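Have the model open as you read.

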Amino acid sequence: MINFNGTIITQDSNILTQNRGFLYGDAVFETVKIVNSKVLYLEDHYFRLMASMRVVRMEIPMNFTMEYFEEQLLSLTDKLSISNSARARITVYRNDGGYYLPTNNTISFLVHASAIETVSYSFEEKEYEVDLFKDFYITKQLLSSIKTTNRILNVTASIFANENALDNCLLLNDSKNIVEAIQGNLFMLSGNKLITPPVSEGCLNGVMRKQILKLAKTIAEIEVVEEVISPFELQKADELFITNVIKGIQPITKYRKKTFGVNFSKEILTKLNEEIVAVV
């Protein structure tokens, strides 16, 4: 028996009772964008998920191929009739049993999806203000670079942003350097130099981050580097923008008293959409 919200019920009545993702954050996930029944950046998402599962020592089933991964995502969006433009999340969790030490490393997964209004990436040209979140810090370690369900820092930072009328927050690592935004990687343009923190600083090894690095390197006058970004450097930047696979690119227009342009963000967004059109 268990007590659920003040009512004594049988343990079998609540599937979360033994779920390790719920009890211990023992789960990893991927969120993908689907356009015209194609999973964008399928290989990158699949191999990142496999790498994440290996890092936390989950047992990868023999049938969990890239084709199977894609099929499971599309089977749901097809059933919902949203495969033209959708976001889907697959959460992989270790099966029930044990306390901190699991009784086995086998896995189960859950997929859920919702429609997205626009197929192409875009952003509204309006004020988008951020500030630093200093209450808690990201550690510079491998676990910080993968998507686990332990996102309490991001949740708390989101609440802080909402309470302070901010659109987002920039997260710091234990060396007090900028790592990323609440829900995406950070890029900074200073002159002709495009900078993003290296994964070794604790940022997520983002799928869209990889695409932006690749596209930016095709622009002749732009030098692309992975370097540490200190909070002091934000005040000297020409542009700041956030990237993730659902939104694409989100320019930051204001950080404290500093305002930023969006010209480079527009240029790289155009290249991103052209690449997607060519694929789908």
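## Where S7 meets S15

Glu129 sits opposite Lys254 in S15. Next along, Val130 faces Tyr255 in S15. Strand S7 (residues 129-138) and strand S15 (residues 254-255) run parallel and are joined by two bridges. Two strands count as paired if DSSP finds at least two bridges between them; strands (E, at least two residues) and helices (H or I, at least four) are DSSP runs, numbered from the N terminus.

This is a predicted model, where local features need pLDDT of at least 70, side-chain atom pairs count only at pLDDT 80 or more, and totals for chains, interfaces and linings use all residues. Residues are numbered from 1 along each chain as its sequence is written, and side-chain values use heavy atoms, leaving out hydrogens and water.

## Over to S8

S7 also pairs with S8, in the parallel sense and over five bridges. In that pairing, Ile138 stands opposite Asn173 in S8. The chain gets from S7 to S8 through H4, a right-handed β-α-β crossover (with the strands pointing away from you, the path from the first strand over the helix to the second runs clockwise).

## The whole sheet

Zoom out and you have an open sheet of five strands, ordered S9-S8-S7-S15-S16, with mixed pairing. Strand S9 (178-181) and strand S16 (258-259) are at the edges with a single partner strand each, so one side of each has no neighbour in the sheet.
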